[in-house]
Amino acid sequence: MRPTTEALIVIDVQNDFCPGGALAVAGGDAIIPRVNGLMDGFAVKVLTQDWHPADHSSFAASHEGAEPFSVTEMSYGAQVLWPSHCVQGSKGAAFHADLRTDPADLIIRKGFRAAVDSYSAFFENDHETPTGLEGYLRTRGVTDLTLVGLATDFCVAYSAIDAAKLGFNVTVLEDACRAIDLDGSLAKAKAELRAAGVRLEA
Ligand code: VGL
Ligand code: ZN
């Protein structure tokens, strides 16, 4: 068992990011056995859940004439417009049935404000609205984070980079993640992860 200063953060292992889902990540469900196996080794375990209202501004359907995977400009910067996904209370927003959720200490939801997306488990995409996860981890005395989940190049990368900026020691287990890889986003995310001081391990 790892010390109580170390937390496992499992990002968005939800039906919509797995094969058959609205924003399916290739092989998204293949990481689940590894993620399940990691849980017992960590004293602190957090799951995140992408949790959008049906009219969320990150959905292409919320923008007249916009195609999914196009990019638009929001008040807080560039934003990819996604197929509608992880709508609050929908089957797509539920955790994958094979993911062990009972061992989790905390399930933190993000992206619930219609006007701003939230890739990171720590801050929304305006980079200033906190989710509260930092306070939770610090008050529990956590200093080191291991991140796994979906998708490597969006929610995992944003979370890991924010965590490193906040001063946590951060490791991403690449084999326990899968990427969307939109227009080179995986290579870009990996370069940014390394630049932020995030450790990438298999
Ligand atoms: C994610 C795109 C939109 C993710 C969430 O979990 O990586 N990507 N919403
Ligand atoms: Zn989302």
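Predicted model: local features only at pLDDT ≥ 70, side-chain atom pairs only at ≥ 80, totals over all residues.
1. Strand 6, helix 3 and strand 7 form a β-α-β unit of right-handed sense.

2. Strand 6 (144-150) pairs on two sides. Strand 1 and strand 6 run parallel and are joined by 6 bridges; within this pairing, isoleucine 11 has glycine 149 of strand 6 as its bridge partner. Strand 6 and strand 7 are also parallel, with 6 bridges between them; here aspartate 144 is bridged to asparagine 169 of strand 7. Strand 6 is mostly covered, with 6 of its 7 residues buried.

3. Helix 3 spans residues 152-165 and is likewise mostly covered: 12 of its 14 residues are buried. Among the buried ones are Thr152, Asp153, Phe154, Cys155, Ser159 and Asp162. What lies over these buried positions? The cover includes strand 1 (6-11), strand 6, strand 7 (169-178) and helix 4 (185-195). Just past the end of helix 3, glycine 167 has a positive phi of about 100°.

4. The loop between strand 6 and helix 3 holds alanine 151. The peptide bond joining leucine 150 to alanine 151 is cis, with omega about -10°.

5. Two residues other than glycine have a positive phi and deserve a look. Phenylalanine 69, with phi near 75°, sits in the loop between strand 2 (44-50) and strand 3 (71-74). Phenylalanine 69 counts as partly exposed because it has 14 C-beta neighbours inside 10 Å, and a buried residue would need 20 or more. Aspartate 183, with phi about 50°, lies in the loop between strand 7 and helix 4. Is aspartate 183 buried or exposed? Aspartate 183 is exposed, because 10 other C-beta atoms lie within 10 Å and the limit for exposed is 12 or fewer.

6. An unreviewed UniProt entry annotates residues 7-196 as "domain: Isochorismatase-like". In the model, the end C-alpha atoms of residues 7-196 are 19 Å apart, and this span is 21% helix and 22% strand.

Notes:
Residues numbered from 1 in each chain as written. Chains lettered and ligands numbered in written order. Helix = DSSP H or I, 4+ residues; strand = E, 2+ residues; numbered from the N terminus. Contact = placed C-beta atoms within 7 Å. UniProt positions renumbered as here; feature names shortened; annotations may be inferred. Pairing = 2+ DSSP bridges. Right-handed = clockwise from strand over helix to strand, strands pointing away.
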